[in-house]
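Read it with the structure open beside you.

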2 protein chains.
Amino acid sequence: MKTENRTADFYDIIRSRRSVRTYDSSAKMTEGELKEILEEAMLAPSGTNLNPWRFMVFTDPAEKAKLFPIAFGQQQVVDASAIIVVLGDMNAYTVENANRINQRAVDAGYMTDEVKDIINNGVENYYGSANEQTKKEWQMLDGGLLAMQFMLAAKARGYDTIPMLGYSIEQFRNEFNVPENLVNILMIAVGKASGPAYPTVRLGVDEVTTWNGVV
Amino acid sequence: MKTENRTADFYDIIRSRRSVRTYDSSAKMTEGELKEILEEAMLAPSGTNLNPWRFMVFTDPAEKAKLFPIAFGQQQVVDASAIIVVLGDMNAYTVENANRINQRAVDAGYMTDEVKDIINNGVENYYGSANEQTKKEWQMLDGGLLAMQFMLAAKARGYDTIPMLGYSIEQFRNEFNVPENLVNILMIAVGKASGPAYPTVRLGVDEVTTWNGVV
């Protein structure tokens, strides 16, 4: 599962990654390969290292076909090798989840019991007093961190991606009986491009940046 | 400003990037270097390529000192070479902004006028009918995509980072007179680490992933 023997140039990846809408429907990705990319994506940071990310991965053509109307007929949900629906677990923002993760850090020798207790208490105070809307926003931020690293890790292996918000969350949740505690963040289609990606422009850094307190 | 002559191994970067809390306060980063990293970060995708990101960058010790109480006394806001406050422009979700960006794509030969008009109309319909809370969530997602790529681009140059939500948004906005249309997403401290980062654990992919519609 580790990637120590792989190499890929970071600058090539960030400059060649583009959102791709057309995929080779005959290209398959194995479960093992998708797990490796997800494992690399999960090296992303998250608030208080609570790892709120949850994934529903679709590779079966019959299941991807169900996503087609839910994603308003966007062909990539059928043709891409996999669709990753990134969800956030609102129960991740609890002392129980903090303890689950931090106990493993203690067991690995990365953290003392004293630090674990301090972090767990902090989670209880900080997340316990936050409202649901604020927590939803934190989920979106943590999901964005994860999604970016996923798309780069996929590109490092020669796969293209597109991040998607254009689908009916309500229809998705109904179709797949998504539990209440999981919130929808985004979908990512991943696979082998069958056509060129469109180049895009960006605003210039000087247009969007101010220095030392000037607004 | 371009980075074609640089190389850095993607897998080394994602496996060595960790949140660092202690920085060498004598280490400086130039404005040019920070702009390059921001330019690389802005290669991230954003919803409908609307580039909602805005940055307030702090490098001046006197200005960073103002952040110290706002960030509840966290030493890294003073010691890190720069603090990047990532904001989102709610006015980015307008047809005016879409047209500003897409006209440049037309001028560059990347897009036809017809496609520009279709996208601009889509922005008017899609974003025009969204409520402020939903737009805020999209800002957090786009900000997360940006922040992840920023942290990796910094690491590629040997800098460490930490993403920060632990500061008073209200105090920050008051101190620096942040306009109403800009929402706070996160802060990123960036600089030269002066001590080791703590290793951390992650949940396993199998603990957080289901396949083909099972929840």
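Start with a rule for angles. Under 35 degrees counts as roughly parallel, over 145 as roughly antiparallel, 65 to 115 as roughly perpendicular, and the rest as oblique. Note too that this is a predicted model.

Now look at chain B. Helix H2 (residues 31–41) and helix H7 (residues 132–156) have axes that come within 8 Å. These axes cross at roughly 135°. H2(B) and H7(B) are therefore oblique to each other. The crossing of H2(B) past H7(B) is right-handed.

Which residues meet here? From H2(B) come B:Ile37, B:Glu40 and B:Ala41. From H7(B) come B:Leu146, B:Gln149, B:Phe150, B:Ala153 and B:Ala154. Sorted by class, the residues of this contact are 6 nonpolar, 1 polar and 1 charged.

## Where the chains touch

Next, the contact between the chains. On chain A, 72 residues are in contact with 72 residues of chain B. Several elements of chain A give two or more residues to this side, among them helix H1 (10–16), helix H5 (95–107) and helix H9 (205–208). Strands take part as well, including E1 (53–58) and E4 (182–191) of chain A. The largest share comes from H7(A), with 14 residues.

What classes of residue make up the side of chain A that touches chain B? That side has 41 nonpolar, 17 polar and 14 charged residues.

## Two copies, one axis

How are the copies related?

Strands of a sheet pair through backbone hydrogen bonds, either parallel or antiparallel. Here 5 strands form an open sheet, in the order E3(A)-E4(A)-E2(A)-E1(A)-E5(B). The pairing is mixed. Strand E3 (160–164) of chain A and E5 of chain B stand at the edges. Each has a single partner strand, so one side of each is left without a neighbour in the sheet. On average, neighbouring strands of this sheet are turned by 20° against each other, direction ignored.

Helix H7(A) packs on the sheet. H7(A) touches E1, strand E2 (82–89), E3 and E4 of chain A. Its direction makes about 15° with that of E4(A).

Take two of the pairings in turn. E3(A) and E4(A) are antiparallel, over 5 bridges. In this pair, A:Thr161 has A:Val190 in E4(A) as its bridge partner. E1(A) and strand E5 (residues 209–211) of chain B run parallel, joined by 3 bridges. There, A:Val57 has B:Trp211 as its bridge partner.

How many bridges join strand E2 (residues 82–89) of chain B to strand E4 (residues 182–191) of chain B? There are 8 bridges, and these strands run antiparallel. B:Asp89 stands opposite B:Leu182 in E4(B).

Terms used. Residues numbered from 1 in each chain as written. Chains lettered and ligands numbered in written order. Predicted model: local features only at pLDDT ≥ 70, side-chain atom pairs only at ≥ 80, totals over all residues. Axes fitted to C-alpha atoms, helices over the stretch in contact; angles between N-to-C directions. Helix = DSSP H or I, 4+ residues; strand = E, 2+ residues; numbered from the N terminus. Left-handed = near helix turned anticlockwise from the far one by under 90°. Contact = placed C-beta atoms within 7 Å. Nonpolar A, V, L, I, M, F, W, Y, C, P; charged D, E, K, R; others polar. Pairing = 2+ DSSP bridges.
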